[in-house]
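Open the model in your viewer and keep the selection tool at hand.

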Amino acid sequence: MQYNGQDRTCSGSTPEGGQIATAKFNGAFDAPMSCVVGGGDVPTEGAGTIEWKTKDGKSLKSTLSLTISGQMFNSATVDGSVTDGAFAGARIHGKFRVDLLKEGINCAGQSFFGGLKQAPFDGSFSING
């Protein structure tokens, strides 16, 4: 399962004190999505990145160690930690939703290849640390 995000407006400060303008979350987990429900309710480990842009034009990156859980009915909870880069050592928590109804054609087409592997998503995450 692959979550590929887009730059989205966010708030907060970088470790250096600069104001954050946008963030893009990407995560990968060894669990397929189903056309009916998410990948299952067994927590699955994965990895990810967050690409940050500050209001003064700087780019930062965080590398993540993640666990996805609660993948039922197209929503999931992601928890983990920042292992490298901006906010290293901080904890991450997120809630994400995939609209599999909109992905129906992709879902049906991928059923012969082990299930849907990626889809657009929405949701939010926070970094504490």
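Buried means under 20% relative accessible area, exposed means over 50%, and partly exposed is in between, with a 1.4 Å probe and protein chains only. The model is predicted, so local features need pLDDT of at least 70, side-chain atom pairs count only at pLDDT 80 or more, and totals for chains, interfaces and linings use all residues. Residues are numbered from 1 along each chain as its sequence is written, and side-chain values use heavy atoms, with hydrogens and water left out.

**Stop 1: a stacked pair**

Select F25 and F96. F25 is buried, and F96 is buried too. Rings of Phe, Tyr and Trp (its six-membered ring) pair if their centres lie within 6.5 Å; planes under 30 degrees apart are stacked, over 60 edge-to-face, the rest tilted. The structure holds four aromatic pairs. F25 and F96 make a stacked one, at 4.9 Å centre to centre with 25° between the planes. The pair links distant parts of the chain: F25 sits in strand 3 (residues 20-29) and F96 in strand 7 (residues 91-97), 71 residues apart. Strands here are DSSP runs (E, at least two residues), as are helices (H or I, at least four), numbered from the N terminus.

**Stop 2**

F25 lies in strand 3 and F125 in strand 8 (residues 122-128), so the pair ties together parts 100 residues apart in sequence. F25 has a relative accessible area of 4%, so F25 is buried. F125 has 26%, so F125 is partly exposed.

**Stop 3: the cluster**

With F25, F96 and F125 they form one aromatic cluster.

**Stop 4: the whole chain**

Zoom out. The protein chain has one helix and eight strands. Along the sequence the pattern reads β-β-β-β-β-β-β-α-β. Of its 129 residues, 36% count as buried. The chain exposes about 7,300 Å², and carbon and sulfur atoms supply 53% of that; areas come from the Shrake-Rupley method with a 1.4 Å probe.

**Stop 5: E51**

Select E51, in strand 4 (residues 44-54). Its relative accessible area is 33%, so E51 is partly exposed. What does E51 touch, not counting residues up to four places away in sequence? The list is T22, A23, K24, N26 and L60, where contact means heavy atoms within 4.5 Å. Finish on S62: E51 and S62 are eleven residues apart in sequence and 6.6 Å apart in space, C-alpha to C-alpha.
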